[in-house]
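Hello,

Here is the structure I promised to pass on. Please open it and keep it beside you while you read my notes below.

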Amino acid sequence: MKITNFLIPTLREAPADADITSHQLMIRAGLVRQVASGIYTWLPLGLKVLRKVESIIREEMDAIGAQELLMPGVQPGELWEESGRWMDYGPELLRIKDRHDRPFCLGPTHEEIITSLARGELKSYKQLPCAFYQVQTKFRDEIRPRFGIMRAREFLMKDAYSFHIDTECLEQTYNQMYEAYCNIFDKVGLKYRAVIADTGNIGGSKSHEFHVLADSGEDRIAFSSDSDYAANVEMAPVIIEKQIAAPPSATMAKVATPNKHSIQDISAFLGIPEKQCLKTLIIKGTNEKVIALVLRGDHELNEIKVQKLATVAKPLQFASEKEIHELIGCGPGSIGPIGLKCEIIVDQDAAVLEDFTCGANESGYHLTGVNWNRDAELPQVSDLREVVVGDISPDKQGILEIKRGIEVGHIFQLGTKYSTAMKAQVLDKNGKSIAMTMGCYGLGVSRIVAASIEQSHDNKGIVWPESIAPFFCAIAPINMHKSPELSEKVRSLYATIVENGIDVLLYDKDDRMGAMLTNLELIGVPHILVIGERSLATGKVEYKSRRNSEKLEIDLNNVVSFLKEL
């Protein structure tokens, strides 16, 4: 491709609203342009990268026998009502009506469509297992689109769905998909971790997320220092060493804490560590009751764990300050478990704390020297908190470290959630109708592009892995327009490289050498060939690597073989 025939509108500066590196560089390198909040046009350079990612994905999906199809982006609301998700999915589901006032939505995912297809086409266990995938545009009406392509409202996704006669059969396909995803990320050139994850509103019994490790990631990944254990922080169970509190050594006392509401305020005011204070949170329970959750002051509540408790209302709802005053008679910063007249659930770390400080259920007062079983009976104990760095790994091998990750893939064992709701059944070996067991496998195609940039860039621009770079190499001629002889040699070299099937960009604009290299480094071309008048005299081409500072002189006659070796 010649750059004079290719739209690459590079910019010196990124727009002010571009917060993270991938957003800044995708704008500056001319990969995308914003149309509306969270909606982007992919320009030719960006689309080349996107298509290369798609090609790798298709190769791995086809290798495990998944069949490609294409489902509609606009979906009938009646299918979503059938599955029970029409109202449950929330405002991210963009609901629309056609001219006949019939409800539709822009598809954020395709479980309903694929299940509807399967129940019409799959009739016997002999047709199972089978898997289908598509590469399709999705739309999720994010309340606050941000980070460019990373959290856009419209995005490109590969989603796959599998159908099985039972869970054992599903497990085999699930493992194949897991391996295929690992192969995809290896080929794309990403550093990633597969982690145990929550199934969320998709549903199901088991899932893994695939995260690209990057400082800009929104998710936090906990992994063991000594083993392969890895999980999203929200899914990692806490393992505690201390199983019982030490005997009391202090007498409970009520102390005035005027205008001290937060754990930090109380800790500083009383001169005690935050971990020696307890905080009490009031949430909504089932049957219009409230529940008090008690944690150590230095720990954070894990909302995913809490929502799995039987007596907790779903979704999780915190009581308002007004409701707390009406129920307890004090502000949120003065609540404590002693004498509290409601269901109480204590985190397991808080349950083994002795001589602790907590709210006195009276505004402006706290209790010190409090102990369970002496001053109050120990209530129900559960794992309520998020893990922290230094916790014991859940597999008891090493301790936990935490890094940030960008979720680029998520696979689920759905079970029969959708097939039961939508009556997607087949006849088993005994001629009995049973609901098919399903798997679901999502991969963010456009997000992979952004995540790759987050993980691989420098102060000059993007540093693409070769497998998804828009061009493998570029020819940067010096003053070609001033020398007919040089122009002829450059165009001959370009033609030879093209004939050998190498994706090359010829920089045939009349730019200065500095501007050429700046643009080529910004867009991340892995290999650059510099050719000028000196090359004609010496028969040499200067080679520059984008990934490192390597420079070499290559014989003009050996350029193609050199590129093939690369």
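In strand 6, F104 is the bridge partner of P76. Keep in mind that this is a predicted model. Strand 4 and strand 6 (residues 103–106) pair in the antiparallel sense, over 3 bridges. They belong to an open sheet of 3 strands, with the order 4-6-5 and antiparallel pairing. Which strands stand at the edges? Strand 4 (74–76) and strand 5 (95–97) do; each has a single partner strand, so one side of each is left without a neighbour in the sheet. From one strand to the next, the twist averages 40°. As background, strands of a sheet pair through backbone hydrogen bonds, either parallel or antiparallel.

**Helix 5**

Now go to residues 167–188. This is helix 5, with 22 residues. From its first C-alpha to its last it reaches 31 Å, close to the 32 Å expected at 1.5 Å a residue. At its start, a side-chain oxygen of D166 comes to within 3.4 Å of the backbone nitrogen of E168. After the helix comes G189, whose phi is positive, near 90°. The buried residues of helix 5 include L170, Y174, M177, Y181 and F185. An α-helix has 3.6 residues a turn, so residues three or four places apart point the same way.

**Aromatic rings**

The whole structure holds 11 aromatic pairs. One of them is F185 with F210: the ring centres are 5.6 Å apart and the planes are at 40°, so the pair is tilted. This pair links distant parts of the chain, with F185 in helix 5 and F210 in strand 10 (residues 206–213), 25 residues apart. Both F185 and F210 are buried.

A second example is F356 with W372. Their ring centres are 5.4 Å apart and their planes at 45°, so this pair is tilted. F356 is in strand 17 (residues 356–359), and W372 is in the loop between strand 18 (365–370) and strand 19 (380–382). F356 counts as buried, at 0% relative accessibility. W372 is buried, with a relative accessible area of 9%.

There is also a cluster. Y178, Y181, F185, Y192 and F210 form it together.

Find Q136 in strand 7 (residues 130–139). Is Q136 buried or exposed? Its relative accessible area is 9%, so Q136 is buried. A polar atom of its side chain lies 2.5 Å from the backbone oxygen of M71. Beyond its neighbours within four places in sequence, Q136 is in contact with residues including L70, P72, H110 and F155.

Best wishes

Key
Residues are numbered from 1 along each chain as its sequence is written. This is a predicted model: local features need pLDDT of at least 70, side-chain atom pairs count only at pLDDT 80 or more; totals for chains, interfaces and linings use all residues. Side-chain values use heavy atoms; hydrogens and water are left out. Helices (H or I, at least four residues) and strands (E, at least two) are DSSP runs, numbered from the N terminus. The expected span of a helix is 1.5 Å times one less than its number of residues. Buried means under 20% relative accessible area, exposed over 50%, partly exposed in between (1.4 Å probe, protein chains only). A polar contact is a pair of N or O atoms within 3.5 Å; within protein, one must be able to donate a hydrogen and the other to accept it, and residues adjacent in sequence count only if both atoms are side-chain atoms. Contact means heavy atoms within 4.5 Å. Two strands pair if DSSP finds at least two bridges between them. Axes are lines fitted to C-alpha atoms, for helices over the stretch in contact, and angles run from 0 to 180 degrees between N-to-C directions. Rings of Phe, Tyr and Trp (its six-membered ring) pair if their centres lie within 6.5 Å; planes under 30 degrees apart count as stacked, over 60 as edge-to-face and the rest as tilted.
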